[in-house]
Amino acid sequence: MIILPAIDIKDGNCVRLFKGDFSTVEKVAADYMETAKGFEKAGASWIHMVDLDGAKEGKPVNTKIYKDVATKTLLKVEVGGGIRNLETIEEYLAMGISRVIIGSAALKNPQLVKDAVNKFGSEKIAVGIDSKNGMVATEGWLESSDVHYIDLAKKMIEIGVKYFIVTDISKDGTLSGVNTIQLAELSKATKGQCKIIASGGVHTIEDIKECKKLGLYGTICGKSIYKGTLDLKEAVEIGEGA
C-alpha cells in the first residue's frame, strides 16, 4: 500500500482545512518545496497535492507549485482541484504530473472522465469521490448531491476508471481516524475492480495498519504529519512493507 503525504495549496501557502471548511484554513508549513523534499527524504514515492483555490474557482490557480515539485524532486505527483477539461489535464501531464484527479466534474460531466481515460490512459486519471453521510459533495465540497458514493464509483468503473480517492468530508482534517466502514463497503461493492486511496482522518500509525488490512491501494496523510501524530517514515515502512 502506497503512502501519499499531502500538501494542500491556498494563496500559494501549504495549508490544511477542517472538514473542508475554507474558513478554517491553517498554514501548516513555511515552504512547499522544503516540505516536499522532507517527504521524499522520509521515503515517500508519491505526493498528493490539492489546488484549493482551483477547487473553488473551477480552474487551475497554483500550477507553478505542482510543476516545481514534479520537476525538482523525485516524487510522483498527483494533483486535484479545479480540473474541468481535457486541456488542463493535458497541460498537467505535459509538465510532469503523474496522475490527475477529477473531482466535481466526474459527477457533473462524466463524459470528460471517459474522454480523459480514453485519451491519457487509466493510469493517469483518478476520480475523487468526496462524500458527506455517504452522499457525494462537489465544488470544493461547497455543494451536496443526491448521488451515493458507491453508485458514482460503479458508474466510473464502467467508463474505465481504475483509481479512486475516497474522502469522508466529516473526517477530513479532524485526526479522528479513517472511515473504515465506508472504505470496506466500497471495496466489497467494487470487488477488486479498482484501486482505492483512503483520504481523511488519518491520525496515527494504527490508521495506516487498518487501511493496509483492508487491502487498499493507498492512504493519504496530511494533518497527522504536520501535527506530529504520525511519523511518515514509519508509515511508509509499514504501508509499503511486505
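How many aromatic pairs does the structure hold? The structure holds three. This is a predicted model. One of the pairs joins Y163 and Y217. Strand β4, covering residues 46-51, is mostly covered.

**Aromatic pair Y163 and Y217**
- A pair of aromatic rings is described by the distance of the centres and the angle of the planes.
- The ring centres of Y163 and Y217 are 5.1 Å apart and the planes stand at 65°, so this pair is edge-to-face. The cut-off for edge-to-face is over 60 degrees.
- Y163 belongs to strand β10 (residues 163-168), while Y217 sits in the loop between α9 (205-213) and β12 (218-221). The pair therefore ties together parts 54 residues apart in sequence.
- Y163 is buried, and its relative accessible area is 2%. Buried means under 20%.

**Charges over rings**
- R99 places its charged end over the ring of Y163, 4.4 Å from the ring centre.

**Strand β4**
- Six of the six residues in β4 are buried.
- In a regular strand the side chains alternate between the two faces of the sheet.
- W46, H48 and V50 point one way from β4. I47, M49 and D51 point the other way.

**Neighbours of β4**
- Strand β1 (residues 2-10) pairs with β4 in the parallel sense, over four bridges. I7 has M49 of β4 as its bridge partner.
- Strand β5 (residues 76-80) runs parallel to β4, joined to it by five bridges. H48 stands opposite E78 of β5.

Terms used
Residues numbered from 1 in each chain as written. Predicted model: local features only at pLDDT ≥ 70, side-chain atom pairs only at ≥ 80, totals over all residues. Heavy atoms only, no water. Buried < 20%, exposed > 50% of the residue type's maximum accessible area, 1.4 Å probe, protein only. Helix = DSSP H or I, 4+ residues; strand = E, 2+ residues; numbered from the N terminus. Pairing = 2+ DSSP bridges. Phe/Tyr/Trp six-rings, centres within 6.5 Å; stacked < 30°, edge-to-face > 60°. Lys NZ or Arg CZ within 6 Å of the ring centre and 35° of its normal.
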